[in-house]
Amino acid sequence: MNENIYVTQPFLPPLEEYLPYLQQIWDSKHITNKGPFHEQLEKELCDYLGVEYISLFANGTIALLVAIKALELKGEIITTPYSFVATAHSIKWNGIKPVFVDIDPYTCNINPEKIEKAITKKTTAILPVHVYGNPCETEKIKNIVDKYNLKVIYDAAHAFGVEHIGQSIINEGDLSILSFHATKVFNTFEGGAIVSHSAEMKKKIDDLKNFGFYDEVTVEGIGINGKMNEVQASMGLLQLRYIDSAIEKRKRIAQIYREGFKNVKGLRFLGDLEDVKYNYAYFPIFINENEYGKNRDDVYNALKKHNIYGRRYFYPLISRFSAYKDLSSSKPANLPMAEKISEEVICLPIYPDLSMDQVNYIISVLNNG
Ligand SMILES: Cc1ncc(COP(=O)(O)O)c(C=O)c1O
């Protein structure tokens, strides 16, 4: 195939359906600061996602920063090295020490069995990630945070619309954050959100994202500008009309990949866990060099030669970056599974407009080594 196939492509609804929203914004001149589309999107997302309180943000990273601030955390936060770097940056940016715990190789999420050993007197919270939209073991994590009186914030950047036993996964924890970045299942160009569980907490979060203004003349707390504007919010409203069909198309692609790879030795992919409604945000494969005959980077480069641009999410591990590598929890010996998985993984292209011909082409390239 001549055209390049990238790991993802943002889903964009027909432009003619977006223009009336822009017309309304131009007419009202209400372009940001709790505009009507912002308010409507908060309501519609609560309904769609089955949550009570949602606060929209300019992006997921600021949502993470504010979530940590809103819970007034300090000291140390336990997290995973197997994530996008924003997860750990949000901890550091708040002046808190991240403590990395190893992952479970089958879910790629933080391994709850390893968390207790990492808790110290300074630990105030756990920040797990539902990696690829795969739900964390929330029951086990809840038992730990209850036992040690800690908070938990879920980085649910990948988990838009994911349900476990009929319940939205983003209802778990004290707070959950979402990303609506262009590469995500649901996008507002850039965007994000915090899901909270009380009107008081939502008010606190909303104030923090608006410079800390409590009312017109009172500033409480060190706030930031994290507001979502009307151009973003109206895009979200339009995206919501297409989200179910977009997820359905992703699911079909995942099924075809799985069927296509089921007899390829040394190429592992993640199955669906029971009782989980997935969003098929990513399609990671894991290359076992001994069985496949090539290592991950060989495969990654071979795909490139065929104009297929997979991404090594997540390689390098966050714990390998210069800001984190000197932490004692960053030692490879502390993170054997994360180290192994990050050397094996490639995320293959998956997005609603990826054609079946393209999917079959990718499968044939991998089947032929
Ligand atoms: C796990 C994770 N956390 C946080 C973020 C940050 O979100 P944003 O790009 O919306 O700032 C991303 C992705 O971009 C992510 O993948």
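A residue counts as buried when its relative accessible area is under 20%. In this predicted model, Glu76 has 7% relative accessibility and is therefore buried. Its salt-bridge partner is Lys97, with N and O 4.0 Å apart. Glu76 belongs to strand E3 (residues 76–79) and Lys97 to strand E4 (residues 97–100), so the contact ties together parts 21 residues apart in sequence. Lys97 is partly exposed, at 38% relative accessible area.

The structure holds 21 salt bridges. Another of these joins Lys202 to Glu42, with the closest N and O atoms 2.9 Å apart. Lys202 sits in helix H6 (residues 199–208) and Glu42 in helix H2 (residues 36–49), so this pair ties together parts 160 residues apart in sequence. Lys202 counts as buried at 15% relative accessibility. Glu42 also counts as buried, at 8%.

A further salt bridge pairs Lys140 with Glu113, the closest N and O atoms lying 3.0 Å apart. This pair links distant parts of the chain, 27 residues apart. Lys140 is in helix H5 (residues 138–148), whereas Glu113 is in the loop between E4 and strand E5 (123–127). Lys140 is partly exposed, with a relative accessible area of 37%. Glu113 is exposed, at 56%. Elsewhere, salt bridges with shared partners join Glu42, Lys202, Asp206 and Lys209 into one network.

The surface also carries a nonpolar patch, formed by Phe211, Phe213 and Val219. Together these residues have about 250 Å² of accessible area. Val219 lies in strand E12 (residues 218–219). Val219 is partly exposed, with a relative accessible area of 47%.

Conventions. Residues numbered from 1 in each chain as written. Predicted model: local features only at pLDDT ≥ 70, side-chain atom pairs only at ≥ 80, totals over all residues. Heavy atoms only, no water. Patch = residues over 30% accessible without salt bridge, like charges linked within 9 Å, V, L, I, M, F, W, Y side chains within 5 Å. Areas by Shrake-Rupley, 256 points an atom, 1.4 Å probe, with all protein chains shown as cover. Salt bridge = Lys/Arg side-chain N within 4 Å of Asp/Glu carboxyl O. Helix = DSSP H or I, 4+ residues; strand = E, 2+ residues; numbered from the N terminus. Buried < 20%, exposed > 50% of the residue type's maximum accessible area, 1.4 Å probe, protein only.
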